[in-house]
Amino acid sequence: MNKSDIKLIIIIILIAIIVLSMIAILNDNSNKQALVYYDNKLVLTIDLSETEKKEYLVDGYNGVVKIIALDGKIKVDEEDSPLHLCSKQGFIEHSYETIVCLPNKVVIKIVSSKDNDLDTILR
């Protein structure tokens with residue numbers, strides 16, 4: 001490995017650091033909302049910009065589903081389902097993550113108010 005290889009590696013690392021820092025700066029999490037659906041009907045909208053812990057109760061198919069929102073994240077804390085898979089999913093915080101609780105017919109999606117979260121562009 002000679003000096004030009006070391007310079008190239010340093011330049012690539014610097015470019016990667018700059019790109020990652022720009023992504024972190026431009027990622028605005030202050031306008032996120034969680035949409036809670038029961039049986040494909042919107043039953044609750046939760047503002048995730050608040051940092052304090054809040055608890056919500058939603059009636060599910062098998063009983064009450066307890067949802068916790070904390071620091072821009074959301075999770076199902078307690079629910080009545082046979083294997084408790086919904087509460088084992090943990091916190092989600094990004095718009096591409098979803099909590100699906102099939103036994104209770106409850107779905108939690110995160111959406112942001114900006115329309116830059118595109119999955120695909122077709123022409």
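Here is a short tour of the sheet, the disulfide and a surface patch. Keep in mind that this is a predicted model.

Let's start with the sheet. It is an open one, built from 4 strands in the order E2-E1-E7-E6, with antiparallel pairing. The edges belong to strand E2 (41-47) and strand E6 (98-101); each has a single partner strand, so one side of each has no neighbour in the sheet. Going from one strand to the next, the twist averages 20 degrees. As for what holds such strands side by side, strands of a sheet pair through backbone hydrogen bonds. At one end of the order, E6 pairs with strand E7 (residues 106-112) over 4 bridges, in the antiparallel sense. Val-100, for example, has Val-107 in E7 as its bridge partner.

Strand E6 also leads us to the disulfide. A search of the whole structure turns up 1 disulfide, and it joins Cys-86 and Cys-101, with their sulfur atoms 2.0 Å apart. Cys-86 sits in helix H2 (residues 85-88) and Cys-101 in strand E6, so the pair ties together parts that are 15 residues apart in sequence. The torsion about the S-S bond is about 85 degrees, so the disulfide is right-handed.

Now for the surface. Met-1, Ile-6, Ile-9, Ile-10, Ile-13, Leu-14 and Ile-17 make a nonpolar surface patch of about 710 Å². One of them, Ile-6, is found in helix H1 (residues 3-26).

How do three of these residues score for accessibility?

| Residue | Relative accessibility | Class |
|---|---|---|
| Cys-86 | 2% | buried |
| Cys-101 | 1% | buried |
| Ile-6 | 41% | partly exposed |

Technical notes
Residues are numbered from 1 along each chain as its sequence is written. This is a predicted model: local features need pLDDT of at least 70, side-chain atom pairs count only at pLDDT 80 or more; totals for chains, interfaces and linings use all residues. Side-chain values use heavy atoms; hydrogens and water are left out. Two strands pair if DSSP finds at least two bridges between them. Helices (H or I, at least four residues) and strands (E, at least two) are DSSP runs, numbered from the N terminus. Axes are lines fitted to C-alpha atoms, for helices over the stretch in contact, and angles run from 0 to 180 degrees between N-to-C directions. Patches are made of residues with over 30% relative accessible area and no salt bridge: like charges are joined within 9 Å, nonpolar side chains (Val, Leu, Ile, Met, Phe, Trp, Tyr) within 5 Å. Accessible areas come from the Shrake-Rupley method with a 1.4 Å probe; for residues, only the protein chains shown count as cover. A salt bridge is a side-chain nitrogen of Lys or Arg within 4 Å of a carboxyl oxygen of Asp or Glu. Buried means under 20% relative accessible area, exposed over 50%, partly exposed in between (1.4 Å probe, protein chains only). A disulfide is a pair of cysteine sulfur atoms within 2.5 Å.
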